[in-house]
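Subject: Structure handover

Hello,

Here is the structure for your files. Please open it alongside this message, as the notes refer to residues by number.

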Amino acid sequence: KGISFLLRAVDALRKKIPGLFLYIVGDGALRETLMAEAEALGLSSVVRFKGAVPHAEVPEWIGCADVLCLPSMSEGMPNVVIEALTSGVPVVASMVGGIPDVVKDGVNGFLVPPAECDALARALERALAARWDIKSVTVGTEGFRWASLAERNISAYRDVLEG
């Protein structure tokens, strides 16, 4: 997911942005390695590894965020990006997979090339300084709402059954 790049971007920003905190929600095989990297960078006071949280708590975490960051090296269409945007939370993410289909640079977030710490830091700094219009942040997500997705699935099943 590119968390190592995010840690380095936060390291570059922590002196510029007082009160900066990074919460990493989720778990995986690299958790211990990433925790050690954060400590080596001196980020223990600004980075919190929350680990896995129950799915029902994910919307609360997203809703508390000023910005959601997903610096992945590759993706499909990540649900967390859709969830953040539909919640009015701007997204800073890598230009990979389906992310550029929903994150419109400067409108509802910022896109960066994957694995570029400096670009990620600049985008995060801009995103945190911006005054976001919630309507603009949610633009383009209408087709990803549960009712829209259900309608498309039902239509696809009808086409197959009638076909």
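Predicted model: local features only at pLDDT ≥ 70, side-chain atom pairs only at ≥ 80, totals over all residues.

Residues are numbered from 1 along each chain as its sequence is written, and side-chain values use heavy atoms, with hydrogens and water left out.

The whole chain

The protein chain has 8 helices and 5 strands; these are DSSP runs numbered from the N terminus, with helices being H or I of at least four residues and strands E of at least two. Their order along the sequence is α-β-α-β-α-β-α-β-α-β-α-α-α. The C-alpha trace spans about 60 × 35 × 25 Å along its principal axes. Of the 163 residues, 37% are buried (buried is under 20% relative accessible area, exposed is over 50%, and partly exposed is in between, with a 1.4 Å probe and protein chains only). Among contacts between residues at least 6 apart in sequence, 56% join residues at least 24 apart, where contact means heavy atoms within 4.5 Å.

Helix 1

Helix 1 covers residues 3-13. It is largely enclosed by the rest of the structure, because 8 of its 11 residues are buried. The buried ones are Ile3, Ser4, Phe5, Leu6, Leu7, Ala9, Val10 and Leu13. Their cover includes strand 1, helix 2, strand 2 (47-51), strand 3 (68-70) and helix 6.

Two packed helices are described by the angle between their axes and the distance between the axes. Here the axes are lines fitted to C-alpha atoms, for helices over the stretch in contact, and angles run from 0 to 180 degrees between N-to-C directions.

Helix 1 packs against helix 6 (residues 117-129) at an angle of about 60°, and the axes are 8 Å apart. Helix 1 is therefore oblique to helix 6 (under 35 degrees is roughly parallel, over 145 roughly antiparallel, 65 to 115 roughly perpendicular, and the rest oblique). The crossing is right-handed, meaning that the near helix is turned clockwise from the far one by less than a right angle. On the helix 1 side the contact uses Phe5, Leu6, Arg8, Ala9, Ala12 and Leu13, and on the helix 6 side Cys117, Leu120, Ala121, Leu124 and Glu125. By class, that contact has 9 nonpolar, no polar and 2 charged residues (Ala, Val, Leu, Ile, Met, Phe, Trp, Tyr, Cys and Pro count as nonpolar, Asp, Glu, Lys and Arg as charged, and the others, Gly among them, as polar).

With helix 2 (residues 31-40), helix 1 makes an angle of about 15°, and the axes are 10 Å apart. Helix 1 is therefore roughly parallel to helix 2. Ile3, Ser4, Leu7 and Arg8 of helix 1 meet Leu34, Glu37 and Ala38 of helix 2. This contact has 4 nonpolar, 1 polar and 2 charged residues. The crossing of helix 1 and helix 2 is right-handed.

Two residues in this region

Leu7 sits in helix 1 and is buried, at 0% relative accessibility. Beyond its neighbours within four places in sequence, Leu7 contacts Leu22, Ile24, Leu34, Glu37, Ala38, Leu41, Leu43 and Val47.

Arg14 is in the loop between helix 1 and strand 1 (22-25). At 27% relative accessibility, Arg14 is partly exposed. Not counting residues up to four places away in sequence, Arg14 touches Leu20, Leu41, Gly42 and Leu43.

Aromatic rings

The whole structure contains 3 aromatic pairs (rings of Phe, Tyr and Trp, the last by its six-membered ring, pair if their centres lie within 6.5 Å; planes under 30 degrees apart are stacked, over 60 edge-to-face, and the rest tilted). One of them is Phe21 with Tyr23, stacked at 6.2 Å centre to centre with 20° between the planes. Phe110 and Trp132 form an edge-to-face pair, at 5.6 Å centre to centre and 65° between the planes. Phe110 is in strand 5 (residues 109-112) and Trp132 in the loop between helix 6 and helix 7 (134-137), so this pair ties together parts that are 22 residues apart in sequence. Phe110 is buried, with a relative accessible area of 5%. Phe21, Tyr23 and Trp61 form one aromatic cluster.

Regards
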